[in-house]
Amino acid sequence: MKNDQRRDPRRPIDILLNKYVGGQPHVCRGVNISRGGMLIHKVLEPDVPHLSVTVELELPGSPEVLCLEGVVLGADRDNRAMAIRFLRMPQRIAQLIERFIDGQTLPEPIVATV
């Protein structure tokens, strides 16, 4: 994690999120986020190495739950931190993250009516 290879602007956050490893949820704390990924700190999780994750989170100011797949770029065992790069992100979610990073108000999710 000492090798900073950031390409996208990041915004600090302080949120709890679910990180799924092998289908099992683990509570983590989001530290910062960009369009391309995020840095998290493990809260309640065993130290088991893994390369892919799914994170489930709500951006501050938005009630929508985002579910994102990612790969682990690096981990700092002493700080229980992990850098994740997002994969296969829908354009709508990418735009939500970009708006959040830019400090814009996030739109309410579209609710289908029957």
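**Strands, pairs and one isoleucine**

Q: What makes β1 and β2 (residues 24-33) a pair?
A: Two strands pair if DSSP finds at least two bridges between them. Nine bridges join β1 to β2, and the two run antiparallel, so they pass the pairing cut-off. In this pairing, Tyr-20 stands opposite Pro-25 in β2.

Before going on: this is a predicted model, where local features need pLDDT of at least 70, side-chain atom pairs count only at pLDDT 80 or more, and totals for chains, interfaces and linings use all residues. Residues are numbered from 1 along each chain as its sequence is written, and side-chain values use heavy atoms, with hydrogens and water left out.

Q: What lies between β1 and β2 in their hairpin?
A: Two residues. Gly-22, in the turn, has a positive phi of about 60 degrees.

Q: Why is Ile-15 called buried?
A: Buried means under 20% relative accessible area (exposed is over 50%, partly exposed in between; 1.4 Å probe, protein chains only). Ile-15 comes in at 11%, so it counts as buried.

Q: Which residues does Ile-15 touch, leaving out those up to four places away in sequence?
A: Cys-28, Arg-29, Gly-30, Leu-57, Glu-58 and Pro-60; contact means heavy atoms within 4.5 Å.

Notes. Helix = DSSP H or I, 4+ residues; strand = E, 2+ residues; numbered from the N terminus.
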